[in-house]
Amino acid sequence: MPTQNSRHAVYVGSFDPVTLGHEDLIRRGADVFDSLTVGVGINPSKSPLFTVEERITLIRSTFEDLPNVQVQSFSGLAVDFVRSLGAKVMLRGLRTLTDIEAEFTMSLANRVLSPELETVFLMASEKYTHISSSLIKQIAQMGGEGTAKQLENFVPANVIPALLEKIRPS
Ligand code: ADP
């Protein structure tokens, strides 16, 4: 649990589902900061594949080896969630030039909303830059035989059975 003086960062997203790209960012973030909270956003305008509880369970089991990573859901603005935890840093990942543009705009808006918060960016590892949750859902939906094996290149191992069960219930 973060203490008042610890370096506590918060990483928010949809994580529908958590990917190898998210995992890489969370592991690197947990190494840089004393404590890292993963915030799973409840967004009423999106229809996620996994419920928020399912997403939290998948993230928790991916990081059960990291005692300084906590996972919880939030609704409303990310800056309000970060502030409610007493944290000062929002962690974000950058994959592409498009991400840079969008994240730059968002961090400026967040600065207006919450001037005391800082956004810290980590560049995606080159081997994961192409990975997004939506791409993974497409592969799981449209892939044929051997999809489970192929998904190993995109999501943590514990996510594969959950993803296949969601998409093709037995
Ligand atoms: P959102 O629904 O807000 O786009 P995501 O779960 O897609 O949520 O992303 C949350 C954060 O994780 C963002 O900062 C995004 O740039 C970052 N991210 C997503 N995929 C990757 C990846 N493959 N490598 C590094 N960072 C990533």
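**Figure 1. Overall fold of the chain.** The secondary structure of this predicted model amounts to seven helices and five strands, where helices (H or I, at least four residues) and strands (E, at least two) are DSSP runs numbered from the N terminus. Followed along the sequence, these elements give the pattern β-α-β-α-β-α-β-α-β-α-α-α. The chain has a radius of gyration of 16 Å, close to the 15 Å that the globule rule gives for 170 residues, so it is as compact as a globular protein of that length; the radius is taken over C-alpha atoms, and the rule is 2.2 Å times the number of residues to the power 0.38. The C-alpha trace spans about 50 × 35 × 30 Å along its principal axes. Residues are numbered from 1 along each chain as its sequence is written, and side-chain values use heavy atoms, with hydrogens and water left out. Because the model is predicted, local features need pLDDT of at least 70 and side-chain atom pairs count only at pLDDT 80 or more, whereas totals for chains, interfaces and linings use all residues.

**Figure 2. The shell around the ligand.** Among the 17 residues around the ligand, those that come nearest are Tyr11, Ser14, His22, Gly93 and Tyr128, a residue being counted if one of its heavy atoms lies within 4 Å. At least two residues of this shell are supplied by each of β1 (8–13), α1 (20–32), β4 (89–94) and α4 (97–113).

Figure 3. A polar contact here is a pair of N or O atoms within 3.5 Å. Ser14 places a polar side-chain atom 2.5 Å from an oxygen atom of the ligand, and Arg92 has a polar side-chain atom 3.3 Å from an oxygen atom of the ligand. At Phe15 a polar backbone atom is 3.4 Å from an oxygen atom of the ligand.

**Figure 4. The loop between β1 and α1.** Both Phe15 and Pro17 lie in this loop. Phe15 has a phi near 50°, a positive value in a residue other than glycine, and a cis peptide bond with omega of about 5° joins Asp16 and Pro17. Most residues other than glycine have a negative phi, and most peptide bonds are trans.

Methods:
Polar contact = N/O pair within 3.5 Å; in protein donor to acceptor, adjacent residues only side chain to side chain.
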